[in-house]
Amino acid sequence: MPLPIHDVLGIFSDNLRTRKCVVPLSLGKVDAWAKGLDIPFGGETVLYTGQMYQLVPAINSMSAMMAKFENSWITRFFGIGRVLNRISNISWFMSGVDGKEQARYNSMLRNIAALLKTAGVEFGYLYGKELYSGALVYDVGLDDVFSEHAKRVYRVFKENGVKRVITVDPHTTNMLKSVYPKIIDGYDLITRSYLEILAEKEMKCVKQLHLELVAHDSCVYTRQEGIVDEPRRLLRAAGAVIHVPELSGRLTHCCGGPLESLFPGKAHEVARKRVVQLADCGKSIVTMCPICMANLRRAANNTLEIKDISEHLVNGYCEVD
Amino acid sequence: MLKADVKFVERVKKRAEFNATACINCGSCTALCPLGIDLHPRTLFRYVLLGAREMVLENTSNIFSCLLCKMCEDNCPADVPIVENIRALRNYINRDVFRLIRG
């Protein structure tokens, strides 16, 4: 039996309503990445992670488990799982997170903060007050639940005097730039991706990368937000040679990520297709989205080196200790 | 035989935007879909416009399989808002079938 769509969506919906995230993270995991960076709390301009990078390790282990459940007898008991989840967060039991993996995704956020500081951008962070953007719940059409949550996120920004938001991943960028303004009256936050900001700053490269990279563009950045050239400009200016598969830029091929929670098998098939296209162009892949990175890495199964763009940019533009 | 529910489109549109009248049935969406031939937006939308609720619901799995990657929409010659239409159908199913949100 396939995974029961109704029950999986029910769990996401319940989690967002009551725990403010589709896969709630334990206390302290949301802002652990910022420890020791001396980023001030709040301010008019904040770095908003939308918890996406922090969530990926939990999503990874959840997806691995869902892939095992798919087409098994366990799917019959998802309804019971949903009832239990209302009492106690079952995703904590399901998603045992690999500590190394969590540290790597946290380091990507540290890279982004370091890059912004090097570029002379002043920003704060909302630490434990920061909420997930609700992107997944919007995508699956749970509009009432999403709308209520989006208003809550906006309220947190307004209560803390935020006027400008710097986002770090395509899904959160799309929510704040293009979706929230349609559903929140008087919405006035100015949102920009850190890649747009860095590309504008014309930063000086401190170390030539001498790398040949294959760019996997994000569907959301390219087709929804028109962010195509910025990542390439930044990488090229740091000395990287960029190769692109035939399907790239506005024609980029999806990584399969959006399906991982409901149809892990199909998600894997789409990712496999993309991995083959990327592998034809080279062995070092650069992604702009943590979901793309996670999904492609699973499908590539260590046959390719897949890194987040921040992992390259930090080497090119920041003085690393 | 196809059973038509004349109020179906209205129910879909009640809480979400659905607009497929511009579809010229050219098949670009199907050809470009990274998922291959499983999902046919043009067929699905025709069912909605015809009021074929049961045929749409038979495709629930396909509706929720859409990646929302916009490859089809970005290349649609008739500018059909395919992704928003798919989201509208998901919203309808969440309301009227799964009862996860209010109707």
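How do the residues of the lining of the largest pocket divide into nonpolar, polar and charged? Keep that question open while you make the selections below. The model on your screen is predicted.

**Stop 1: the largest pocket**

Select A:Tyr138, A:Val179, A:Lys182, B:Glu84 and B:Arg87. Of the 40 residues that line the largest pocket, these are the closest to its centre. The space in this pocket comes to about 820 Å³.

Next, colour the helices around it. In chain A, take α6 (135-139), α7 (143-159), α8 (170-183), α10 (219-224) and α13 (290-300); in chain B, take α7 (82-97). Each of these helices supplies at least two residues of the lining. The helix that gives the most is α8(A), with 7 residues.

Now the opening question can be settled: the lining holds 20 nonpolar, 6 polar and 14 charged residues.

**Stop 2: the second largest pocket**

The second largest pocket has a volume of about 620 Å³. Select A:Val8, A:Phe12, A:Val23, A:Leu136 and A:Ser261, which are the closest to its centre among the 40 residues that line it. Then show α1 (5-19), α2 (52-69), α3 (78-87), α4 (90-94) and α6 of chain A, each of which supplies at least two residues of this lining. The largest share, 7 residues, comes from α2(A). By class, the lining has 29 nonpolar, 7 polar and 4 charged residues.

**Stop 3: helix α1(A)**

Stay with α1(A) and select its end C-alpha atoms. They are 20 Å apart, which agrees with the 21 Å that 15 residues should span at 1.5 Å a residue.

Is this helix mostly buried or exposed? Of its 15 residues, 11 are buried, so α1(A) is largely enclosed by the rest of the structure. Buried here means under 20% relative accessible area. Among the buried residues are A:Val8 and A:Phe12, both already selected at the second largest pocket. Others to pick out include A:Ile5, A:Leu9 and A:Leu16.

Step on to A:Lys20, which follows α1(A) and has a positive phi, near 65°.

**Stop 4: strands β6(A) and β7(A)**

Select residues 284-287 of chain A for strand β6, and residues 305-308 for strand β7. The two strands pair in the parallel sense over 4 bridges. Across the pairing, A:Thr287 stands opposite A:Asp308. Between the strands, the chain passes through α13(A), and this β-α-β crossover is right-handed.

Finish with the side chains of β7(A). A:Ile306 and A:Asp308 lie on its covered face, whereas A:Glu305 and A:Lys307 lie on the uncovered one.

Terms used
Residues are numbered from 1 along each chain as its sequence is written. Chains are lettered from A and ligands numbered from 1 in the order in which they are written. This is a predicted model: local features need pLDDT of at least 70, side-chain atom pairs count only at pLDDT 80 or more; totals for chains, interfaces and linings use all residues. Side-chain values use heavy atoms; hydrogens and water are left out. On a 1 Å grid over the protein atoms alone, a cavity is a set of points where a 1.4 Å probe fits but cannot get out, and a pocket is an open set with protein on both sides within 12 Å along at least five of seven lines; lining residues have an atom within 4 Å of a point. Grid points are joined across faces, edges and corners, and a volume is the space filled by probe spheres set on the points. Ala, Val, Leu, Ile, Met, Phe, Trp, Tyr, Cys and Pro count as nonpolar, Asp, Glu, Lys and Arg as charged, and the others, Gly among them, as polar. The expected span of a helix is 1.5 Å times one less than its number of residues. Buried means under 20% relative accessible area, exposed over 50%, partly exposed in between (1.4 Å probe, protein chains only). Two strands pair if DSSP finds at least two bridges between them. A crossover is right-handed if, with the strands pointing away from the viewer, the path from the first strand over the helix to the second runs clockwise.
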